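Dear colleague,

Please find the structure below, handed over for your records. My notes on it follow directly after.

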Amino acid sequence: MELFVVNRHGEENKTVDEETNIARILKRIEKRKRQRAKRKEKQSAIINKTREIRTEKRQSKLKEGNGIEFISPALDDTEQELTNQSHFKTEASTLKGFTILGSDKYDKKPKIKRVLPRWLSNPTIISVNLQNLEHKVSNTKCLDKDLKRKLKMNGIKYLFPVQAEIVPWLIQSHQQSDIISPRDICVSAPTGSGKTLAFVLPVVQALKNHWTKKIRALVILPTQDLAFQVFKTFEKYVQGTSLSVSVITGKCTFAAEQNELIFENKTFGYLSRTDILICTAGRLVDHLNETKGFDLTHLKYLIIDEADRVLDTVQNDWLYHLEKHIYQNDYHNQNFKVLNLFTLQRRRAPQKLLFSATLSQDPEKIQKLSLFQPKLFTSVIHSDNINVEVNVDSFIGKYTTPKELTEKYIECSVDLKPLVLYQFIKQENLRKTIIFTHSVESTHRLTIVLQSLFQGQLNIREVSSRLETKKRNKLIEDFTKGNIDMIICTDKLARGVDLIGVQCVISYSVPKFLKTYIHRAGRTARAGELGLAVTLLSKTELNNFMNLLKEVGKNHLEEIKISNEGLESLGEKYKQALENLKDTVSKEGGQTLRKIKLAKRQLKKS
Ligand SMILES: Nc1ncnc2c1ncn2[C@@H]1O[C@H](COP(=O)(O)OP(=O)(O)OP(=O)(O)O)[C@@H](O)[C@H]1O
């Protein structure tokens, strides 16, 4: 043991008696205690003395004067001496010529009420009732005949509440005056409530009468898939008009995208081929920097769908580049935030339309968009278990989920999760289900385990970034058609993706953020259909998850019980599935290694 004792002072032969050592330490502690007590006594004597002097002085001054009390700017000698000795700040401790008002009491600070800008605290409320629809398309006066016909062709007879509110408002705001700029809007409505058509219809109607080709509407989305989804919706409603829609996301080559956007004319220079442009933020910046003749200065609408997500992504500082481009010839844009006749007439900025199911209502985040006289449209759910207050002046809006969505949870230990999931799917006889995991790896493993457990009874497939876009799209198409029963995926598929008729959404791994949960759950219960969202939780995750939901007024979630007896009988099957997983993963590992070696060899050769 001695080998490990390091003697720092080199006093190798000196042996310290432990008992004497302890006695010495105790003595020191006692001494310190006594010193502290003495110091305290002295200090309280000083404080008392100071107080006495102050009251004496005050009384004598009151006697001398006519009842008016003065606060002495300087202290007399005795008091000064006493206070100098003190280590504490007392009421009497003042700097020469100054008076410190207040005391050293540390009271609990009162909570300051958040004061929101009026437009955020007084929104227009949108109903979430998709069952008793009131606004017949045929009775909607603001829409022209052609759009009404197309809506009917696409099976839409009634406008959803968000459309009934936004479509006439937007159309009217552009009809008001050519010189006065319309207000910007923020729309927060549940997933699957029809937000896309709420901007597609008014934009198509407003632009279809312009005959010169210029990009007048720009729609920004967070992902390539969502951009194509919105593009398809626009295509349906511009058919038969002179309008053309383009999409730039990086799916095609840069040159092909450039060719789709502009062409060069010998007399007029660069001309636009498109009226409505749909893009991702990153690709937009690339074209702003590199494509000659790419012109967004005639923009009338700037639409940011899934706005909270788009604004969170920094993506090459897209907003800065876009504003720089739009205002390139405008020296006065800074003044346009102020509302007066001059600014209204001179403002050339496009009308900004922000849409999301989880729109940030944080004024600081919205501030960077420099919204012009903004207006908020938001939805509120009234039901027994969802209790959201609507208080004029203090209402800031909360994320809402569709009324038709049922939310439940299953509590289970982490190691039994795959088995519990298997049992639950069998118990509920689920089809058309999306299962969300937290990573590509976890998606892959769960797919292998579930496939072995179901042994071909269900068609279960994984959708992840490992797949080529073509294959991924084909899988999603097959799932929509009902050829695939279940897809397992990461949160890449959680936002905005419109898959029709999803029966159930399962969060196999707990969502980290409330927003993630809302978007995952939003893949079901869309467009007024019923849907179920189930979250698998371990004991430790349960509390955090419930607290997360309380933020949106969801105070109670029903628990689904999975019987232990059923699980026990599956032991052998589960063991087999795990062995399968091990084999597959090791085979795949070997294959990847071989691929890497091959790639390295080819690199060396070249
Ligand atoms: N008035 C309507 N009547 C019937 N179906 C509609 C109507 N409006 C939209 N839909 C359908 O509802 C579905 C959801 O619409 P959409 O994708 O616009 O929802 P969303 O609010 O953008 O959802 P998310 O927030 O998840 O992106 C789509 O399949 C769409 O075709």
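Which residues in helix 5 meet which residues in helix 6? V162, Q163, I166, V167, L170, I171 and H174 in helix 5 meet K195, L197, A198, L201, P202, Q205 and A206 in helix 6. Two residues are in contact if their C-beta atoms, placed from the backbone, lie within 7 Å. Helices (H or I, at least four residues) and strands (E, at least two) are DSSP runs, numbered from the N terminus.

This is a predicted model, in which local features need pLDDT of at least 70 and side-chain atom pairs count only at pLDDT 80 or more, while totals for chains, interfaces and linings use all residues. Residues are numbered from 1 along each chain as its sequence is written.

The contact of helix 5 with helix 6 divides into ten nonpolar, three polar and one charged residue. Here Ala, Val, Leu, Ile, Met, Phe, Trp, Tyr, Cys and Pro count as nonpolar, Asp, Glu, Lys and Arg as charged, and the others, Gly among them, as polar. The axes of helix 5 (residues 161-175) and helix 6 come within 9 Å and cross at roughly 25 degrees. Axes are lines fitted to C-alpha atoms, for helices over the stretch in contact, with angles from 0 to 180 degrees between N-to-C directions.

In total, 19 residues surround the ligand, and T191, G194, K195, T196 and A527 are the closest. A residue counts as near if its C-beta atom, placed from the backbone, lies within 6 Å of the molecule. The shell comprises eight nonpolar, eight polar and three charged residues. Domain 2 (118-394) and domain 3 (405-589) both contribute to the shell, so the ligand lies between them; the domain bounds come from an automatic or database domain assignment.

A281, L284, V285 and L288 of helix 9 make the contact with W318, H321, L322 and H325 of helix 11. By class, this contact has six nonpolar, two polar and no charged residues.

With kind regards
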